[in-house]
Amino acid sequence: SPDGNWLAVVTHSPDNDIALNVIELDAPDLPPITINAASRGETVSAITFTPDSSALLFVIGGSNTENNSLFSLDLISAAESRLMRGRFGQQLVVSPDGQYVAVPSWRIVNAENQPNYLTLLTLNLTTREPITVFSGAHIADDMVSNLQFVYPLSWRE
């Protein structure tokens with residue numbers, strides 16, 4: 001975490017069980033906060049702390065364009081809450097003020113022989129309102145064209 005008090009790790013058991021473990025480094029004798037994937041084979045595909053180290057944001061569920069969800073874990077209360085369902089990519093970037101998260105989101109095209117594509121969403125963490133800030137394709141007459149790639153690396157104000 002930015003304040004150096006928390007460590008988040010993803011564990012993968014021999015039975016293919018996935019868990020997100022958050023360890024309070026100032027209290028290593030306490031058991032970690034553990035979030036288990038709901039089904040065998042699901043993944044934790046992205047994790048990031050908020051700038052004030054009060055919460056951990058993470059994507060858990062399917063990967064490679066499968067259904068998953070964006071969650072927030074309050075590090076003081078250990079309460080988790082689902083922020084949004086979707087088909088999120090493998091990167092999260094939080095705004096410096098901690099009010100927004102940027103996340104790539106797959107769009108599934110149901111037309112035959114047309115590729116899926118990524119968009120970039122920002123999600124207001126208070127209101128949970130998403131805004132599409134980048135679309136990785138143009139769709140006209142069920143045809144995908146002008147494919148582009150998006151991957152958030154950092155947030156600049």
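This is a predicted model: local features need pLDDT of at least 70, side-chain atom pairs count only at pLDDT 80 or more; totals for chains, interfaces and linings use all residues.
Residues are numbered from 1 along each chain as its sequence is written, and side-chain values use heavy atoms, with hydrogens and water left out.

The protein chain has zero helices and 13 strands, where helices (H or I, at least four residues) and strands (E, at least two) are DSSP runs numbered from the N terminus. Along its principal axes, the C-alpha trace spans about 60 × 40 × 25 Å. Of the 157 residues in the chain, 40% are buried, that is, under 20% relative accessible area with a 1.4 Å probe and protein chains only.

Strand β6, residues 68-74, is mostly covered, since six of its seven residues are buried. On one side of the sequence, strand β5 (residues 55-61) runs antiparallel to β6 and is joined to it by seven bridges, pairing being counted if DSSP finds at least two bridges between two strands. Gly61 has Asn68 of β6 as its bridge partner, and in the hairpin of β5 and β6, with six residues between the strands, Asn64 takes a positive phi near 55°.

Strand β6 also pairs with strand β7 (residues 80-86), in the antiparallel sense and over six bridges. Here the bridge partner of Leu73 is Glu80 in β7, and the hairpin of β6 and β7 has five residues between the strands, with Ala78 taking a positive phi near 65°.

Methods:
Buried means under 20% relative accessible area, exposed over 50%, partly exposed in between (1.4 Å probe, protein chains only).
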